[in-house]
Amino acid sequence: FFLCHNASAASVLQSQLQRLGGLNPMMKDPRSDSRSLAVPHSSESQHQTMSDTEMPLTGDSGELEEVQFDIPEDAYGASILAVVRDFSVISGGKDWKDETVQLKCIQVGFSFLLLTINLTLQLSLLFFIYTFVVTPAIHRVQHKYQEFHEVIFDIDGNFQEDAWDAYKGKEELCQIGMSSPFFYFTVVFLWVLLIIREFRTTERLARDLASMPTCSTSPEMCTEEEGEVKVVALTSCSKMLIFFGVIIPKMVICSTLMWLGCQWLTATNSFTDLVMNSIAMEFVTGIDEALYETLLPVGHRQQVADINFVLYKKKQPGS
């Protein structure tokens with residue numbers, strides 16, 4: 001009975017080790033080789049204890065493929081770099097007197113200052129455009145059309161040709177953008193298309209960042225291979241900072257700008273202004289890039305361009 005009991009226990013132990021570490025069924029007692037006990041703590045046994053969101057951090061599995069995406073090279077991208085990589089270096093356990101840590105602190109402060117300036121300028125411009133440009137333009141067009149309707153039509157709503165021939169604001173009225181529907185809708189369509197491009201870029205960035213695995217500490221977010229820094233995971237706090245500091249403001253600015261642009265183009269008094277106004281409104285979306293190119297040092301901009309965000313996804317059949 002004692003021998004049978006020991007034999008069954010050894011069989012159970014061997015089957016467990018075989019399941020965890022992929023051991024050969026014909027191997028000897030695992031205690032006879034000190035290295036055999038280290039096998040169950042290899043990558044496969046670790047994968048069995050890891051959650052689904054943590055498994056893609058390494059990308060060692062043959063069923064996963066590496067997919068990279070870049071952050072935008074503008075003031076928003078500089079702030080994302082600060083949240084992900086610079087915070088990772090600062091919280092890595094080095095002494096605060098270390099020059100690298102001090103440099104990263106300066107970069108974080110400057111990146112957030114740049115983001116604050118950018119959001120202040122863009123939101124302020126949207127407010128000023130609505131208050132001093134769009135609203136007065138709408139009132140002018142409404143007043144002009146009301147005057148035209150009162151002068152040209154009688155009380156019963158009948159068109160008076162004599163009044164139209166003598167009407168002094170005829171040329172100005174015919175220059176309103178909507179008086180040429182094809183031209184008007186072409187310009188508005190192109191304007192909306194430009195804003196949708198910004199929407200899609202922001203939406204794609206948000207979707208990629210949301211797909212990143214979640215880690216518990218900042219140092220786990222980045223890895224370095226052959227001098228190339230890769231972001232393989234994000235902490236929950238980092239995701240919240242990026243979404244509330246970058247994604248949501250960009251969405252709000254794009255939505256407001258599209259609404260204001262369509263109103264302003266509709267209230268345009270001339271065909272020349274219809275084209276010029278659509279070009280003028282677009283510069284609001286370029287403020288982040290202008291600040292980035294002008295104020296950020298070349299070395300810092302290169303870091304934003306070089307860093308790669310990595311996702312490990314399951315390979316598609318046939319790939």
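**Figure 1. Helix 8 and the lining of the largest cavity.** Helix 8, residues 236-266, gives the most to the lining of the largest cavity, contributing three residues. The model shown here and in the other views is predicted. A search of the whole structure finds one cavity of 30 Å³ or more. The volume of the largest cavity is about 70 Å³. Its lining consists of Y76, Q122, E198, K250, I253, C254, V284, T285 and D288. Sorted by class, these lining residues are four nonpolar, two polar and three charged.

**Figure 2. M251 in helix 8.** M251 lies in helix 8, and its relative accessible area of 24% makes it partly exposed. Beyond its neighbours within four places in sequence, M251 is in contact with F199, T202 and E203. For one of these residues, T202, the C-alpha atom is 7.3 Å from that of M251, although 49 residues separate the two in sequence.

**Figure 3. A280 in helix 9.** Helix 9 spans residues 271-282 and contains A280. A280 is partly exposed, at 32% relative accessibility.

Figure 4. D86 belongs to helix 3, which covers residues 75-90. This aspartate counts as buried because its relative accessible area is 0%, the cut-off being under 20%. With neighbours within four places in sequence left aside, the contacts of D86 are L81, K104, Q107 and V108. L103 is in helix 4, residues 99-152. In contrast to the burial of D86, L103 is partly exposed, with 45% relative accessible area. The two residues are 17 positions apart along the chain, and their C-alpha atoms are separated by 9.1 Å.

**Figure 5. S111 in helix 4.** S111 is another residue placed in helix 4. At 0% relative accessibility, S111 is buried. S111 and G77 lie 34 residues apart in sequence, with a C-alpha to C-alpha distance of 9.1 Å.

**Figure 6. N308 in strand 6.** Strand 6 comprises residues 308-314 and includes N308. With 10% relative accessibility, N308 is classed as buried. Leaving out residues up to four places away in sequence, N308 touches Q68, F69 and D70, and also E228, V229, K230 and V231.

**Figure 7. An aromatic cluster.** Y145, F148, F153, F159, W164 and Y167 together form one aromatic cluster. In the structure as a whole, a search finds 13 aromatic pairs.

Figure 8. The structure holds zero disulfides. C215 takes part in none, and the nearest cysteine sulfur to its own, that of C222, is 8.8 Å away. That distance can be set against the cut-off for a disulfide, which is a pair of cysteine sulfur atoms within 2.5 Å. C215 is buried, at 7% relative accessibility. C174, by comparison, is partly exposed, with a relative accessible area of 40%.

**Figure 9. The whole chain, for orientation.** The chain has 11 helices and six strands. Of its 319 residues, 34% are buried. Among contacts in the chain with a separation of 6 or more, 71% join residues 24 or more positions apart. Residues from the earlier views show both sides of the accessibility scale. D86 is buried at 0%, as is S111 at 0%, whereas L103 at 45% is partly exposed.

Methods: Residues numbered from 1 in each chain as written. Predicted model: local features only at pLDDT ≥ 70, side-chain atom pairs only at ≥ 80, totals over all residues. Heavy atoms only, no water. Phe/Tyr/Trp six-rings, centres within 6.5 Å; stacked < 30°, edge-to-face > 60°. Buried < 20%, exposed > 50% of the residue type's maximum accessible area, 1.4 Å probe, protein only. 1 Å grid on protein atoms, 1.4 Å probe; cavity = no way out; pocket = protein on both sides within 12 Å on 5 of 7 lines; lining within 4 Å. Points joined across faces, edges and corners; volume = space filled by probe spheres on them. Helix = DSSP H or I, 4+ residues; strand = E, 2+ residues; numbered from the N terminus. Nonpolar A, V, L, I, M, F, W, Y, C, P; charged D, E, K, R; others polar. Contact = heavy atoms within 4.5 Å.
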